[in-house]
Amino acid sequence: MRVTLCFIGLSLAIGSMSAFANEKVISTIMKNGFKGDDSPLAKVLDGEASEKEAKDLAKMMHQLDGIEAPKGD
Ligand code: HEM
């Protein structure tokens, strides 16, 4: 019984930690990659991005693949 409770507690703790980490990653990518008229995304869409900016944007987008969006309030 005690082992089961311990396992449930640990699973909950690890689950909420990774949800928090995902939120940080998503928020950083939204702000650094997608937000604003001079964002890497805007530059790529306007055909003004350097090769490095385009590659960095692609990396950020691949990072989002498989990340679950945080649930609404
Ligand atoms: C190319 C696709 C996407 C574009 C252009 C985009 C664009 C944006 C922009 C402009 C913001 C506002 C950022 C701010 O005001 O600071 C935002 C916020 C957000 N987006 Fe995206 N997004 C995209 C895909 C996604 C995906 C796939 C997810 C989920 C995995 C996601 C989750 C969120 C969340 C949770 C926020 C709020 C973040 C925060 O303010 O902390 N977005 N997005």
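What pLDDT does the chain average, and what share of the residues score at least 70?

Reply: This is a predicted model, so start with confidence. The chain averages a pLDDT of 86, and 78% of the residues score at least 70. Helix α2 (residues 40–46) has the highest mean, 98, while α1 has the lowest, 77.

Now the shell. Around the ligand sit Ile 26, Ser 27, Met 30, Lys 31, Phe 34, Lys 35, Leu 41, Leu 64, Ile 67, Ala 69 and Pro 70. Helix α1 (residues 2–34) gives the largest share, five residues. Read that part of the shell with the mean of 77 for α1 in mind. By class, eight shell residues are nonpolar, two are charged and one is polar.

Next, the fold behind the shell. The chain has three helices and zero strands. The order from the N terminus is α-α-α. Of its 73 residues, 4% count as buried.

Helix α3 (residues 51–64) passes a simple length check. Its 14 residues should span 20 Å at 1.5 Å a residue, and its end C-alpha atoms are 20 Å apart, so the two agree. After α3 comes Gly 66, with a positive phi near 90°. The shell list also includes Leu 64 and Ile 67.

Definitions and conventions: Residues numbered from 1 in each chain as written. Predicted model: local features only at pLDDT ≥ 70, side-chain atom pairs only at ≥ 80, totals over all residues. Near = placed C-beta within 6 Å. Helix = DSSP H or I, 4+ residues; strand = E, 2+ residues; numbered from the N terminus. Nonpolar A, V, L, I, M, F, W, Y, C, P; charged D, E, K, R; others polar. Buried ≥ 20, exposed ≤ 12 C-beta atoms within 10 Å, placed from the backbone. pLDDT = per-residue confidence, 0-100. Expected span 1.5 Å × (residues − 1).
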